[in-house]
Amino acid sequence: MTWIESSAEAFETDEKFDLILTPQSLHWMTWEVVLPRFARWLAPGGRLAVIPTCRFEETPWRSELMPLIRAYSAMQDFEPYDLIDEIETRGLFRADERGWVGPEPWRQSVDDYVLSWKSRAGLAWERVGADRAEEFASRVRRLVEPHARDDWLEFGVVAELAIGTPEANPASPPARASS
């Protein structure tokens, strides 16, 4: 395994890879730049594995957590979209396999669980402001602590996975069918 610390848009290499993995990161990248690069970097028969989303299985605190997320998120106008459909429609990727994997058991300390929310785009502390971020963190902590055993939370995690081929020379995106 080779670990490279660089943005995919800035990185240059002649090296070939058997697998490129983008775990919950492709949505942050400039697709029209990175997907053709990924295609050039893959060895013959190489694959791109995209994990567009991971989520916790139903947790006992979910029904109370969702209103908190909506109330504190800096992304009040967020519209969900299907990343794989979007990059396929743009002619940048062809998924050969697609589905959900898991649930896999996950164990996380209460502190790490609470801090994990600041890495989400809508709840990044610099976007929501320090005071609101601390208030959100405090409320999440109070919500999950009763469900912890010895300060650890246990739940399952499921992930969407698409494995396929990025396009080196994307053609014009196919026209969408009108309804």
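View 1. The model shown here is predicted: local features need pLDDT of at least 70 and side-chain atom pairs count only at pLDDT 80 or more, while totals for chains, interfaces and linings use all residues. Residues are numbered from 1 along each chain as its sequence is written, and side-chain values use heavy atoms, with hydrogens and water left out. Look for Leu65, Leu68, Ile69 and Tyr72, the buried residues of α2. They cover an arc of only 100 degrees around the axis, which puts them on the same side of α2. The arc is taken from the directions from the helix axis to the C-beta atoms. An α-helix has 3.6 residues a turn, so residues three or four places apart point the same way. The buried residues of α2 pack against α4, α5 (125-128) and α6. Here, buried means under 20% relative accessible area, exposed over 50%, and partly exposed in between (1.4 Å probe, protein chains only). Helices (H or I, at least four residues) and strands (E, at least two) are DSSP runs, numbered from the N terminus.

**View 2. Trp61 sits in the loop between β3 and α2.** With 3% relative accessibility, Trp61 counts as buried. What does Trp61 contact, leaving aside its neighbours within four places in sequence? Its partners are Tyr113, Leu143, Val144, His147, Leu153 and Phe155, where contact means heavy atoms within 4.5 Å. For a sense of scale, find Pro103 too: Trp61 and Pro103 are 42 residues apart in sequence and 18 Å apart in space, C-alpha to C-alpha.

**View 3. A salt bridge joins the side chains of Arg37 and Glu12 (3.1 Å, N to O).** This pair links distant parts of the chain, with Arg37 in helix α1 and Glu12 in the segment before β1, 25 residues apart. A salt bridge is a side-chain nitrogen of Lys or Arg within 4 Å of a carboxyl oxygen of Asp or Glu. Side chains of opposite charge can pair when their charged atoms come close.

**View 4. Arg90 and Glu32 meet through their side chains in another salt bridge (2.8 Å, N to O).** Arg90 lies in the loop between α3 (83-89) and β4 and Glu32 in helix α1, so the pair ties together parts that are 58 residues apart in sequence. Arg90 is partly exposed, at 31% relative accessibility. Glu32 is also partly exposed, with a relative accessible area of 42%.

View 5. Arg141 counts as partly exposed at 25% relative accessibility, and so does Asp111 at 37%. Elsewhere, Arg47, Arg94, Asp96 and Glu167 are linked in a network of salt bridges. A search of the whole structure finds 14 salt bridges.

**View 6. The largest pocket has a volume of about 1700 Å³.** Its lining is made of 40 residues, and those nearest its centre are Gln24, Thr53, Cys54, Phe78 and Arg120. Two or more lining residues come from each of β3 (54-56), α2 (62-72), β4 (93-109), α4 (110-116) and β5 (152-166). Which element gives the most to this lining? That is β4, with 6 residues. By class, the lining has 21 nonpolar, 10 polar and 9 charged residues. Ala, Val, Leu, Ile, Met, Phe, Trp, Tyr, Cys and Pro count as nonpolar, Asp, Glu, Lys and Arg as charged, and the others, Gly among them, as polar. A pocket is an open set of points on a 1 Å grid over the protein atoms alone where a 1.4 Å probe fits, with protein on both sides within 12 Å along at least five of seven lines; lining residues have an atom within 4 Å of a point. Its volume is the space filled by probe spheres set on the points.

**View 7. The second largest pocket holds about 670 Å³ of space.** Of the 19 residues that line this pocket, Thr2, Trp3, Ile4, Ile20 and Leu21 lie nearest its centre. The elements giving two or more residues to the lining are β1 (17-23) and α1 (31-41). β1 gives the most, with 6 residues. This lining divides into 13 nonpolar, 5 polar and 1 charged.
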